[in-house]
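Let's take a walk through this model together. Have a look at the sequence and the structure first, then read on.

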Amino acid sequence: MSEVIENQEVKDIQIEFKPAAINVLEEEKFKEYIDKVVAEYKGYVPKADNLTVDRKTRAKLNGLMTNLEARRKEIKKEINVPYTEFESWYKKAIKPMQDVTSTIDAGIKKIETEQKEERKKLFMNCWLN
């Protein structure tokens, strides 16, 4: 058996990683907009006689949240592109090692199963005799 398994070699592999920066260029404007919407509706209590208007208000607020979330998800998707590319490369690169490991694992399991069955047979033979 060769001694090619060296954990230090894995630690020595150099992978350059630069964390992405996200800059909200109009952060204050964004906060002001959120604060304005919150101030307008904070403490608002829907009323039965105003239900139609309340439903429209809820729909409008939900639409705003949906748009904000869509933009956040768009940014996340873009920022994850480098990782997705790295992950794809990584999975292809380690596939041969996974295959070797799976083959060894299957062989060990087969031997263990055979040994277990042999022990059962010996036990049954001893117990019956």
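## A greasy patch and some rings

Helix α3 (residues 51–128) gives the most to the nonpolar patch, with four residues. Before going on, keep in mind that this is a predicted model, where local features need pLDDT of at least 70, side-chain atom pairs count only at pLDDT 80 or more, and totals for chains, interfaces and linings use all residues. Residues are numbered from 1 along each chain as its sequence is written, and side-chain values use heavy atoms, with hydrogens and water left out.

So who makes up that patch? Val10, Ile13, Ile15, Tyr83, Phe86, Trp89 and Tyr90 do, and together they cover about 770 Å² of nonpolar surface. (Patches take residues with over 30% relative accessible area and no salt bridge, joining like charges within 9 Å and nonpolar side chains, meaning Val, Leu, Ile, Met, Phe, Trp and Tyr, within 5 Å; a salt bridge is a side-chain nitrogen of Lys or Arg within 4 Å of a carboxyl oxygen of Asp or Glu; areas come from the Shrake-Rupley method with a 1.4 Å probe.)

Tyr83, Phe86, Trp89 and Tyr90 are also linked into a cluster by ring pairs. Rings of Phe, Tyr and Trp (its six-membered ring) pair if their centres lie within 6.5 Å; planes under 30 degrees apart are stacked, over 60 edge-to-face, and the rest tilted. By this rule there are four aromatic pairs. One of them is Tyr41 with Tyr44, edge-to-face at 6.4 Å centre to centre and 85° between the planes.

How open are some of these residues? Buried means under 20% relative accessible area, exposed over 50%, and partly exposed in between (1.4 Å probe, protein chains only).

| Residue | Relative accessible area | Class |
|---|---|---|
| Tyr41 | 24% | partly exposed |
| Tyr44 | 39% | partly exposed |
| Asn80 | 31% | partly exposed |
| Tyr90 | 39% | partly exposed |

Tyr90 lies in helix α3, and Asn80 is found in helix α3 too.

Now zoom out. The protein has three helices and zero strands (DSSP runs: H or I of at least four residues for helices, E of at least two for strands, numbered from the N terminus). Its radius of gyration is 31 Å, whereas a compact globule of 129 residues would have one near 14 Å; this is taken over C-alpha atoms, and the globule rule is 2.2 Å times the number of residues to the power 0.38. The C-alpha trace spans about 90 × 50 × 20 Å along its principal axes, and 2% of the 129 residues count as buried.
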